[in-house]
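Work through the exercises below with the sequence and the model side by side. Each task is followed by a solution in steps.

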Amino acid sequence: MKWVIGILAVLIGLYILLVIGVYVMQRKLLYFPPENYLSPADVNVEMEEIRNAQNDIISWWTPPTSPDGKTVMVFHGNGSAIYSHYDVFNDLIEAGHGVLSVGYPGYPGQSGVSPTQKSLTEAAKRQYEWVVNQGISPENIVFYGTSLGSAVAAQLSITHEPSLFIADASFNSIVAVGAEAMPFLPVRFLLKDKFLSDEALQNGSFPLIWIHGTKDTIVPLKFGELLFEGYKGPKTAYRIEDGLHNNLWGLGGRDIVLKALKSEIN
């Protein structure tokens with residue numbers, strides 16, 4: 001009997017250590033900033049680096065060139081950076097739209113504050129207000145978020161509603177995704193950054209365009225469907241057959257987004 005109790009005590013101790021380790025390291029498990037910064041010239045996109053007083057690059061910007069162009073705030077994922085969606089930027093710019101690539105604290109180009117739900121959301125609010133200060137009407141501001149970027153955009157939408165919200169490879173909450181990935185842990189109680197996108201969007205009335213790949217293994221389709229199904233405002237769903245997590249723009253996402261922006265204009 002003593003050896004059974006001893007084994008149980010060891011297992012319980014190991015489990016407690018695992019829980020503590022995950023709790024302490026959770027933000028390193030959630031945010032994966034690339035090591036290097038690439039400039040607009042490096043990725044062949046004509047955008048301006050916007051810097052703060054500390055010379056950090058807080059965003060990339062180009063205004064709309066078409067009289068009817070929208071301004072699209074692009075929110076990247078947890079393992080991407082301000083430069084990652086240069087193909088999206090080029091396509092939007094070519095169509096006459098303005099683009100603000102939203103920069104995150106702790107990611108390439110920025111120093112100081114570490115990435116957290118609060119720091120990313122506050123940074124997004126400042127960048128939204130910066131866009132408005134450039135003379136862009138809130139009625140012409142669109143949110144386009146990929147993966148974690150959709151969650152950041154959802155948090156921003158609580159206080160700053162877009163004219164259109166485009167969710168690419170999104171999820172209903174980090175809690176739900178984490179609980180499936182680690183069912184043996186009390187994820188809901190451990191998580192500091194829950195990114196409850198479903199709750200953030202629950203009072204939204206703006207149009208939602210939802211895009212998800214059927215073979216996404218990073219954010220499985222069902223988590224995106226939960227977000228879409230829970231949204232009460234006007235919405236349209238696009239499931240891209242055989243689409244993965246990071247390739248939806250080239251598999252039809254581009255046409256969906258440009259058509260949606262044109263519809264908003266007309």
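**Exercise 1.** In which crossing, left-handed or right-handed, does helix 3 pass helix 4?

*Solution.* This is a predicted model, in which local features need pLDDT of at least 70, side-chain atom pairs count only at pLDDT 80 or more, and totals for chains, interfaces and linings use all residues. Residues are numbered from 1 along each chain as its sequence is written, and side-chain values use heavy atoms, with hydrogens and water left out. Helix 3 passes helix 4 in a right-handed crossing, a term used if the near helix is turned clockwise from the far one by less than a right angle.

**Exercise 2.** Find which residues of helix 3 meet helix 4, and sort the contact by class.

*Solution.* Taking contact as heavy atoms within 4.5 Å, we find that Q117, L120, T121, A124, K125 and Y128 in helix 3 meet L148, V152, Q155 and L156 in helix 4. By class, this contact of helix 3 with helix 4 has 6 nonpolar, 3 polar and 1 charged residues.

**Exercise 3.** Decide whether T146 is buried or exposed, and list its contacts.

*Solution.* First locate T146, which is found in strand 5. Its relative accessibility is 9%, so T146 counts as buried (under 20% relative accessible area, with exposed over 50% and partly exposed in between, for a 1.4 Å probe and protein chains only). Finally, leaving aside neighbours within four places in sequence, T146 is in contact with F75, H76, G77, H85 and D168.

How values were computed
Helices (H or I, at least four residues) and strands (E, at least two) are DSSP runs, numbered from the N terminus. Ala, Val, Leu, Ile, Met, Phe, Trp, Tyr, Cys and Pro count as nonpolar, Asp, Glu, Lys and Arg as charged, and the others, Gly among them, as polar.
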